[in-house]
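Hi everyone, thanks for coming. Let's take a few minutes to look at one structure together.

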Amino acid sequence: MLKKGERIDQLYAEDIQIIQSAEVFSFSIDAVLLANFARVPKRGKIIDLCAGNGAVGLFLSRKTNAQIDQIELQPRLAEMGQRSIELNHLENQMTMHELDLKNTFDVFRGDSADLVVCNPPYFKELPTSIKNPNPHLAIARHEIHATLADVVNVSARLLKMNGRFTMVHRPDRFLEIIDVLRANRIAPKRIQFVYPKPGKEANTLLIEGIKDGKNEGLRFLPPLYTYDQTGNYSEDLRGMLYGE
């Protein structure tokens, strides 16, 4: 099951095992935050874009009977994600597609998804960008193959009317995210900022929008802290990671 340099990590709260490798992009707290923030339909269809090694979809699988399709560009990550699906015996619920976002509609119908989730590349691809020399990590972190606008546009086209789009991103791109969502007929509905610990600036943004939703009704959730003042995981994070 495992190849050279790989390991199996566990998310105890959801009883999910996931194949990881230090050589490519491993799931981070962001994936756990996104999976917990998303309001998940009991049935229907969920699509996980920029799926990486499949962490977000795997974590969501325990919360729903919906079919979960994952789209990942990088062959190695997609293949690891597919083996994690098999490791958790989720073949009947989940499918990993090795696919460029630009070719999404070669495989998927528009207006078909109840929920689209995405943990996209966070950093703009600029001439001045200092990129990770590891191409797997560079693609996962920088908008080399998919920009924010690409991700939101594909998501909007995938979603049914009143379907939900949920994303984790960086607070410094907040205004741009709002503009791009609204330009693609997704009304922002829930926003939560995540802070490393009390007294620090937010370093993560969780946002949910509804396709063709009304403009009013935007909610800002209470702040979420990753660590407490002693440097241990916060109570909220321990719940997400260990089910405590």
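Does α6 pass α7 in a left-handed or a right-handed crossing? It is right-handed. Keep in mind that what you see is a predicted model. Helix α6 covers residues 148–158 and helix α7 covers residues 174–183. Their axes come within 9 Å and cross at roughly 35°. On the α6 side, the contact uses Leu148, Ala149 and Val152, and on the α7 side Glu176, Ile177, Val180 and Leu181. Sorted by class, that makes 6 nonpolar residues, 1 charged and no polar ones.

Now to the charged pairs. Side chains of opposite charge can pair when their charged atoms come close.

Start with Asp30 and Arg170, whose side chains meet at 3.5 Å, N to O. Asp30 sits in helix α1 and Arg170 in the loop between β7 and α7, so this pair ties together parts that are 140 residues apart in sequence. Asp30 is buried, at 10% relative accessible area, while Arg170 is partly exposed, at 21%.

Next come Arg164 and Glu208, with their closest N and O atoms 3.7 Å apart. Here strand β7 is tied to strand β9, because Arg164 lies in β7 and Glu208 in β9. How accessible is Glu208, buried or exposed? Glu208 counts as buried, at 0% relative accessibility, whereas Arg164 is partly exposed at 26%.

My last pair is Asp212 with Arg185, at 2.8 Å from N to O. Both residues lie in loops: Asp212 between β9 and β10, Arg185 between α7 and β8.

Definitions and conventions: Residues are numbered from 1 along each chain as its sequence is written. This is a predicted model: local features need pLDDT of at least 70, side-chain atom pairs count only at pLDDT 80 or more; totals for chains, interfaces and linings use all residues. Side-chain values use heavy atoms; hydrogens and water are left out. Axes are lines fitted to C-alpha atoms, for helices over the stretch in contact, and angles run from 0 to 180 degrees between N-to-C directions. Helices (H or I, at least four residues) and strands (E, at least two) are DSSP runs, numbered from the N terminus. A crossing is left-handed if the near helix is turned anticlockwise from the far one by less than a right angle, and right-handed if clockwise. Contact means heavy atoms within 4.5 Å. Ala, Val, Leu, Ile, Met, Phe, Trp, Tyr, Cys and Pro count as nonpolar, Asp, Glu, Lys and Arg as charged, and the others, Gly among them, as polar. A salt bridge is a side-chain nitrogen of Lys or Arg within 4 Å of a carboxyl oxygen of Asp or Glu. Buried means under 20% relative accessible area, exposed over 50%, partly exposed in between (1.4 Å probe, protein chains only).
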